[in-house]
Amino acid sequence: MQKKKLSIFLVLMLTVSAILAACGGGSSNSSDSGQTSDNGGGENNVLNLTETQDIPSMDSSLATDAVSFNTLNSVMEGLYRLGEDDEAVEGMAEGEPQISEDGKTWTIKLRDANWSNGEPVTANDFVFAWRKTLNPDTAAEYAYIMYDLKNAAAVNAGEMAPEELGVKALDEKTLEIQLENPVPYFKELLTFATFYPQNEAYVTEQGDQFGLEANTVLYNGPFTMKEWKHEDQFVLQKNPEYWDAENVQLETVNTKIVKDTQTDVNLYESGELDRVKLSAEFVDKYKEEEGFQTVKEASVFFLRLNQSSNEVLKNADARKAIAMGFDKTGITDSLLNNGSVPANYLVPSEFVQGPDGKDFRETAGSYLETDQAAAAEHWAKAKEALGQDTVELELLSYDDDVSKKITEYLKEQLETNLEGLKVNIKLQPFKQKLDLESSMNYEASLAGWGPDYPDPMTFIDMFVTDGAHNQSGYSNPQVDKLVQDAKTTLLTDEQARWDALVEAEKLMLEDAAFAPVYQRARAYLTKPAVEGVLYHKFGADFSLKWTSVTR
């Protein structure tokens with residue numbers, strides 16, 4: 001396998017480039033004054049953070065991104081929430097669920113808990129929220145994640161009424177859930193934001209304003225949202241109505257929207273920020289300091305390749321050329337320098353283990369590794385089949401600093417290694433980029449995916465035909481069948497199901513359905529005063545329920 005050395009162009013670019021920010025994107029109209037909210041640093045149990053983007057939605061039925069999920073995880077709570085070691089611990093549920101012998105019926109008792117307006121959280125709040133998500137009128141992208149519920153797919157397709165969904169309130173504090181098939185990770189799945197409850201009367205009262213402002217959301221989690229200045233900052237405060245408030249130490253969480261890592265570092269150094277995500281330039285500077293850590297995530301970044309309308313990307317040789325035509329180590333080792341690793345796969349490493357105790361990656365192997373010679377051959381075949389000597393492609397990306405640099409690097413690599421290719425970069429704020437992908441209004445796009453539950457399926461079913469998050473037009477009937485079998489007939493045969501998932505990923509990679517780029521890690525610098533931040537491999541990135549700050 002050949003690996004191209006970093007070009008002189010890239011070395012110069014890295015030398016003179018602006019400071020990189022963490023992946024994620026999002027527009028920002030905030031000033032560079034470095035001011036956080038009215039609760040600045042220096043106070044006990046006041047935590048000061050930054051994000052690179054604003055929250056797209058606080059409606060748990062409509063949320064699709066990491067910032068929304070992380071924030072919802074702090075202000076909302078489902079039947080269970082993720083605790084240490086990603087264990088599903090009690091949330092609104094009290095005690096263990098009663099599960100029928102066939103694994104298809106779950107009966108869950110709810111604890112005495114209140115919404116932030118003092119009203120009790122009831123079983124009907126879950127029934128209402130889940131029916132709302134699956135109602136086709138809601139157009140929830142994440143509705144598919146509920147398809148394990150009985151009749152969910154039919155409800156979402158408009159073939160059944162929402163009232164026929166397999167969930168009902170036996171009484172105010174007893175929820176019955178019926179599944180199409182037993183699901184081995186269902187308890188962990190219930191921690192995900194799409195399964196959160198919503199208060200029907202309140203949501204109805206707010207109408208189309210629900211989830212758009214701090215005062216148009218009702219909260220049942222450890223915190224409430226006190227303030228939300230769009231594209232500037234949002235402020236959380238401890239929720240006195242939360243059932244476990246006595247174990248919540250933080251009084252305030254201030255999150256400023258900052259896209260530039262240099263500004264983040266300045267805020268950290270001045271004591272106005274308690275945690276910073278470090279980009280490449282700062283890792284070596286701070287890696288020996290107290291509070292430095294790298295967290296390897298289960299998020300994988302890749303190039304979406306729109307095969308529905310672009311004739312070039314409909315060609316498998318063209319997709320393979322793109323997937324193998326750039327040096328991934330240039331991104332992980334130089335542009336990121338934070339523990340991220342090249343990805344030659346979709347399902348990440350160190351995520352889940354099979355029946356034999358082996359990591360999925362150990363069983364599944366690697367594909368689409370950097371290989372300039374093979375890429376050139378595939379590219380020549382593609383151009384011949386297309387009858388074109390030159391090809392022009394638009395590459396969509398986030399508009400934060402690190403994404404800009406990665407996209408510029410991909411452009412330089414692909415144009416150098418694939419003769420006749422011209423790449424035009426299109427940078428967009430986070431929400432607008434997601435909208436363009438959802439509407440299939442792009443050609444190629446730098447995208448990332450973090451798992452929603454601890455199973456390879458959370459990655460693999462993303463690329464089934466017409467899947468909600470396929471967003472590329474890719475289709476392979478063999479993949480569709482393997483995924484469907486793994487969700488139904490193979491659920492009682494753990495090894496056969498695992499083998500089917502390994503084969504499904506292999507077929508997608510052999511088709512170059514997408515071009516894998518890297519598995520993300522993050523380098524953090526956290527003040528020693530901060531304790532108890534839990535980092536997760538699926539669902540929300542982190543939890544603040546058990547966090548404290550003692551200055």
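The model is predicted, so to speak of local features pLDDT must be at least 70, side-chain atom pairs count only at pLDDT 80 or more, and totals for chains, interfaces and linings use all residues. Residues are numbered from 1 along each chain as its sequence is written, and side-chain values use heavy atoms, leaving out hydrogens and water.

**Exercise 1.** Find where Gln471 sits and decide whether Gln471 is buried or exposed.

Step 1: Look in the loop between helix H15 (457–460) and helix H16 (477–487); helices (H or I, at least four residues) and strands (E, at least two) are DSSP runs, numbered from the N terminus.
Step 2: Gln471 has a relative accessible area of 9% and is buried (under 20%; exposed is over 50%, partly exposed in between, with a 1.4 Å probe and protein chains only).
Step 3: Its phi is near 50 degrees, a positive value in a residue other than glycine.

**Exercise 2.** Describe the ring pair of Phe302 and Phe463.

Step 1: Rings of Phe, Tyr and Trp (its six-membered ring) pair if their centres lie within 6.5 Å; planes under 30 degrees apart are stacked, over 60 edge-to-face, the rest tilted.
Step 2: Both Phe302 and Phe463 are buried.
Step 3: With 6.1 Å centre to centre and 65 degrees between the planes, the pair is edge-to-face.
Step 4: Phe302 lies in strand E12 (residues 292–305) and Phe463 in the loop between H15 and H16, so the pair ties together parts 161 residues apart in sequence.

**Exercise 3.** Which residue lies over the face of Trp243?

Step 1: A charge sits over a ring if NZ of Lys or CZ of Arg is within 6 Å of the ring centre and within 35 degrees of the ring normal.
Step 2: Arg111 lies there, at 3.6 Å from the ring centre.
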